[in-house]
Amino acid sequence: MKIKYFGEIADITGQTAEVIVFQENSLETLLGYLKKNYQLSENDFYLAINHQLADTTQNIQIAGTDEVAILSPFAGG
Amino acid sequence: MNEKRHIRQIALPQVGIVGQEKLERARVLVVGAGGLGNAVLPYLASSGIGTIGILDGDKIDLTNLHRQVLFSELELGKSKAIVASQKLSIQFPEIAITPYDSFLTGENALDLFLNYDLVIDATDSIDARYLINDACIVTKKPFVHASIYRFQFQVAIFNAKGSGTYRCLYPNAPSSSQSCEEAGVMPSTVAMAGLYQANEVFKYILQVGDLQTNSILLVDTLSNNHNHFSFKNRNQEHINPSFFERTYKSILQISINDVDKNGFFLDVRNEEELPILELENSRQIPISLLQKGMELIPKNQPVYLFCQSGIRSRKAYWILKESGWANLHCLAENAPEISEIQHRILR
């Protein structure tokens, strides 16, 4: 699964993208990975799957071929 | 209209005389005369947009000058809105520019927005963006958003002809996010974001091209990558005038030392909560029973609300306000503090 990081999230993860092979591709696995590796909780970011913002409170499917983006609102101006 | 000044854009088939007249009739309010405002304003004005409002309560600081290019060292300490308005009026004397030397608040947002066709979000805080969004929903105005984080920026137009809003994209504010002052920014990044905003304004007014609706454009200026993230409309019916008032307008607060002697004290705590207070002209109606017990609250004298910490009294304030009580105040002090100074009131 390709994961892209934007804005402050990329500063937290220390990279703008990475490819991770999960044993099981699911929202739960992805959220668990972000929490464990970067201490990112669901309240810290928004998640897009294949450039479509996803509602993480819903049961959403993620495939290994999907491109996931982790982003957040920007404050500056 | 000075046709000659705008002849090069009138020459575009997508503009023409009809388009130029649309620009001339347009009324655009720019909220924020910082980095984004300085980028978007000269191009809105130069295109011939007939009426422009500039809202900013901030003063010009030396650290602004690298990206806020309308300002110079001669104007340090002066109002950003007024100086920007003066400079643009000299350069573009045919358009009407109104400066507002104040910050956007829940008190001024709705009245201001009603005077314009479109709002530009050129602010630098997430809270201001939610305020703009909610005021635009209430006043049914579209707004063009841009925001920056270091070398990246986001742009979209929200609430345009039924399109999604900022809350459809980002329902809640993140736990923390940095402004340009904290994170740092290059002048070119903020200028590019501002020009994307100006371009979105032109497309909206001229009704040409595809608007950045229901999709946010995220540009990374280091890689030159453009990313579009689409989002769905969410029900925003709850963002109505009453929600706006409850969320953004300040409540009338008064110290118990300054209350009217003929006032009525309303304790909205539950009966079992301590300390028990013995106040003259008072009654206890728990917040959960307020709707049922309203007839016990006088309308012809000031009503002073309190609870244990001030949260429930604020809630009660809005319940009563919406039910027709006008002379309402939340007490600055709540039960624990009132208990301490009770003897003074009874005296």
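**Chatting through the two-chain model**

Colleague: How far does helix H4 (residues 80–91) of chain B reach from its first C-alpha to its last?
Modeller: This is a predicted model, in which local features need pLDDT of at least 70, side-chain atom pairs count only at pLDDT 80 or more, and totals for chains, interfaces and linings use all residues. Residues are numbered from 1 along each chain as its sequence is written, with chains lettered from A and ligands numbered from 1 in the order in which they are written. Helices (H or I, at least four residues) and strands (E, at least two) are DSSP runs, numbered from the N terminus. H4 of chain B has twelve residues, and the expected 16 Å at 1.5 Å a residue (1.5 Å times one less than the number of residues) is close to its reach of 17 Å.

Colleague: Which elements do the buried residues of H4(B) pack against?
Modeller: A residue is buried if 20 or more other C-beta atoms lie within 10 Å of its own, exposed if 12 or fewer, and partly exposed in between, with C-beta atoms placed from the backbone. In H4(B), the buried ones are B:Lys80, B:Ala81, B:Val83, B:Ala84, B:Ser85 and B:Leu88. Their packing partners in chain B are helix H3 (35–46), strand S2 (51–55) and strand S3 (96–100).

Colleague: How are H3(B) and helix H9 (residues 187–206) of chain B oriented to each other?
Modeller: Their axes are 8 Å apart and the angle is about 40 degrees; axes are lines fitted to C-alpha atoms, for helices over the stretch in contact, and angles run from 0 to 180 degrees between N-to-C directions. Angles under 35 degrees count as roughly parallel, over 145 as roughly antiparallel, 65 to 115 as roughly perpendicular and the rest as oblique. H3(B) and H9(B) are therefore oblique.

Colleague: Which residues of H6(B) and H10(B) make the contact?
Modeller: The axes of helix H6 (residues 126–139) and helix H10 (residues 241–248) of chain B come within 9 Å and cross at roughly 155 degrees. That makes H6(B) roughly antiparallel to H10(B). Two residues are in contact if their C-beta atoms, placed from the backbone, lie within 7 Å. Here they are B:Leu131, B:Asp134, B:Ala135 and B:Val138 of H6(B), with B:Pro241, B:Phe244, B:Thr247 and B:Tyr248 of H10(B).

Colleague: Is B:Ile338 buried, exposed or partly exposed?
Modeller: B:Ile338 is found in helix H12 (residues 335–346) of chain B. Leaving aside neighbours within four places in sequence, B:Ile338 is in contact with B:Ile256, B:Leu277, B:Phe306 and B:Glu333. With 19 other C-beta atoms within 10 Å, B:Ile338 is partly exposed.

Colleague: What share of the 347 residues in chain B is buried?
Modeller: Chain B has twelve helices and 13 strands. Its C-alpha trace spans about 80 × 45 × 40 Å along the principal axes. Buried residues of chain B come to 40%.

Colleague: How many nonpolar, polar and charged residues are on the side of chain A that touches chain B?
Modeller: The contact takes 18 residues from chain A and 30 residues from chain B. Ala, Val, Leu, Ile, Met, Phe, Trp, Tyr, Cys and Pro count as nonpolar, Asp, Glu, Lys and Arg as charged, and the others, Gly among them, as polar. By class, the side of chain A that touches chain B has nine nonpolar, seven polar and two charged residues.
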